[in-house]
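This report describes the packing of a single predicted model.

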Amino acid sequence: MGGYRPNGECHQQGSPGERCEPRSLAGLHSSQMKNSTRPRITVSLRMRHPCMDPRDISAGLGMEPEFKWKAGDQRTTPKGRRLDGVHDSSYWCCEIHRPSEIDLPEALEFCIKGLGGKARFMEEFRQTGGAIEFLVGWFAGRNCGGALGWKLIRRLADMQINLAFDIYS
């Protein structure tokens, strides 16, 4: 039977004084975890700003959104039916297409790398009142889970990217 001692030594098979290698579930696919199924995951980049035109966001990122509106635009349903009032801020949302066989931490790393050359635009966006987030759509038919490692969380924090989840069963 294995275990951990406060000095970082293992007391399991092996020689006394041998250091334990850290283990993490963060890189495991849910299909590798016993009695679980892998969820379908989508990741979208969502940006909100008090007044920036969504066309400027598209130009700054080099991407086209699925959904967008500008502060002051008439509110409408997704099918175009008019609603009361106007939007109080601008909104821009684009699903980031990535390999489907990767797990959530890998998907977020993929998305972060895709934004690597956009740091200057993103900083200006935030400094003028904008908020940036990755929206994770987690579609799971059964019990499943995962973990995000602290290094990934730090990268998101350093880039000031919020993380939002919509979980569906």
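**Surroundings of Met-47**

Not counting residues up to four places away in sequence, Met-47 touches Ile-57, Leu-61, Ser-90, Tyr-91, Trp-92, Phe-121, Phe-125, Ala-131 and Ile-132, contact being heavy atoms within 4.5 Å. Met-47 lies in strand β1; helices (H or I, at least four residues) and strands (E, at least two) are DSSP runs, numbered from the N terminus. Its relative accessibility is 1%, so Met-47 counts as buried (under 20% relative accessible area, with exposed over 50% and partly exposed in between; 1.4 Å probe, protein chains only). Met-47 and Phe-125 are 78 residues apart along the chain, yet their C-alpha atoms are separated by 9.0 Å.

**Basis of the values**

The model is predicted: local features need pLDDT of at least 70 and side-chain atom pairs count only at pLDDT 80 or more, while totals for chains, interfaces and linings use all residues. Residues are numbered from 1 along each chain as its sequence is written, and side-chain values use heavy atoms, with hydrogens and water left out.

**Packing of α1 with α3**

The axes of α1 and α3 are 9 Å apart, and the two helices pack at an angle of about 150°. Axes are lines fitted to C-alpha atoms, for helices over the stretch in contact, and angles run from 0 to 180 degrees between N-to-C directions. The arrangement of α1 and α3 is therefore roughly antiparallel (over 145 degrees; under 35 is roughly parallel, 65 to 115 roughly perpendicular and the rest oblique).

Asp-56, Ile-57, Gly-60 and Leu-61 of α1 meet Phe-121, Met-122 and Phe-125 of α3. These residues comprise five nonpolar, one polar and one charged; Ala, Val, Leu, Ile, Met, Phe, Trp, Tyr, Cys and Pro count as nonpolar, Asp, Glu, Lys and Arg as charged, and the others, Gly among them, as polar.

**Packing of α2 with α4**

The axes of α2 and α4 come within 11 Å and cross at roughly 30°; these helices are therefore roughly parallel to each other. The contact involves Pro-105, Leu-108, Glu-109 and Ile-112 of α2 and Leu-152, Arg-155 and Leu-156 of α4. Five of the residues in the contact of α2 with α4 are nonpolar, none polar and two charged.
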